[in-house]
Number of protein chains: 2
Amino acid sequence: MNAMSFTPPPADKKRLEQGAEFTPRFDEKGLVTTVVTESETGRLLMVAHMNAEALALTLQTGIAHYWSRSRKSLWKKGETSGNMQRVHAIETDCDQDVLHLKVHVEGDGVSCHTGAHSCFYRQVELVDGQPRLVAHEHLSQK
Amino acid sequence: MNAMSFTPPPADKKRLEQGAEFTPRFDEKGLVTTVVTESETGRLLMVAHMNAEALALTLQTGIAHYWSRSRKSLWKKGETSGNMQRVHAIETDCDQDVLHLKVHVEGDGVSCHTGAHSCFYRQVELVDGQPRLVAHEHLSQK
């Protein structure tokens with residue numbers, strides 16, 4: 001495979017926001033926030049981070065790769081569980097500091113390490129004016 | 001209104017991931033990443049950040065408030081444009097470092113400062129092995 005490189009963001013805001021140049025804005029840690037939704041349902045599955053290497057591998061292989069901030073290593077999501085994410089589309093936002101992956105999840109369709117389909121399995125509710133969490137998805141006993 | 005405070009995250013991972021305590025994990029800048037989707041369609045609209053004050057105001061008023069990193073100020077989204085975001089639900093993820101707002105956008109339904117419905121109006125395509133952006137939503141001439 002040829003090396004894939006990413007051009008630094010242009011200073012010109014119009015070029016950044018309306019141009020055809022893909023110039024992802026990696027943060028001071030070299031990471032870009034990545035929102036992952038399920039291509040079949042549009043449902044929000046997880047939010048992760050990519051460095052340039054993970055982004056290049058994702059584009060080149062069509063399988064989502066991330067940077068694990070906790071393990072400080074490249075992370076081919078689902079490599080051990082079988083729940084790999086096949087990428088159907090990648091979008092970026094106006095100022096190119098967020099990516100959006102639309103993915104099909106292989107295996108049993110789980111995206112969260114807790115065993116939940118989506119990492120967003122709890123909703124914030126107000127009880128006596130104070131926020132509490134209510135689970136709306138059963139968590140498997142992992 | 002009574003002051004709303006947020007408890008620091010517990011050291012115990014099981015409590016953090018499976019408990020009913022809402023303990024948002026603000027980062028070293030005091031911010032939590034917030035993914036915003038449209039309640040009617042599930043479509044991804046934008047990604048923003050909240051500090052504790054913005055989150056408390058959002059919970060108390062039902063209108064989305066953020067922290068503007070560029071302006072370094074509290075930001076009641078849509079206050080001038082009329083495109084305020086009425087919050088239908090708030091979710092958090094397994095380790096509580098991301099929030100998910102499901103919102104109804106008032107006014108003409110625009111969420112992006114470019115005039116686009118969603119900030120995610122461009123898709124990454126590979127052309128001769130190199131990524132390019134293709135717009136899939138017309139941008140108004142703002």
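**Reading the interface of chain A and chain B**

Q: How many salt bridges are there between chain A and chain B?
A: A salt bridge is a side-chain nitrogen of Lys or Arg within 4 Å of a carboxyl oxygen of Asp or Glu, and the count between chain A and chain B is four. One case is A:Arg69 with B:Asp97, whose closest N and O atoms are 3.1 Å apart. This is a predicted model, in which local features need pLDDT of at least 70 and side-chain atom pairs count only at pLDDT 80 or more, while totals for chains, interfaces and linings use all residues. Residues are numbered from 1 along each chain as its sequence is written, and side-chain values use heavy atoms, with hydrogens and water left out.

Q: How many residues of each chain are in contact, and what area do the chains bury?
A: Contact means heavy atoms within 4.5 Å, and 50 residues of chain A are in contact with 50 residues of chain B. Buried area is the accessible area (1.4 Å probe) that two parts lose on being put together, summed over both; here chain A and chain B bury about 4100 Å², 56% of it on carbon and sulfur atoms.

Q: Which strand of chain B pairs with β5(A), and in which sense?
A: Strands are DSSP runs (E, at least two residues) numbered from the N terminus, and two of them pair if DSSP finds at least two bridges between them. In this model β5(A) pairs with β7 (residues 122–127) of chain B in the antiparallel sense, over two bridges, and A:Glu91 has B:Gln123 in β7(B) as its bridge partner.

Terms used: Chains lettered and ligands numbered in written order. Helix = DSSP H or I, 4+ residues; strand = E, 2+ residues; numbered from the N terminus.
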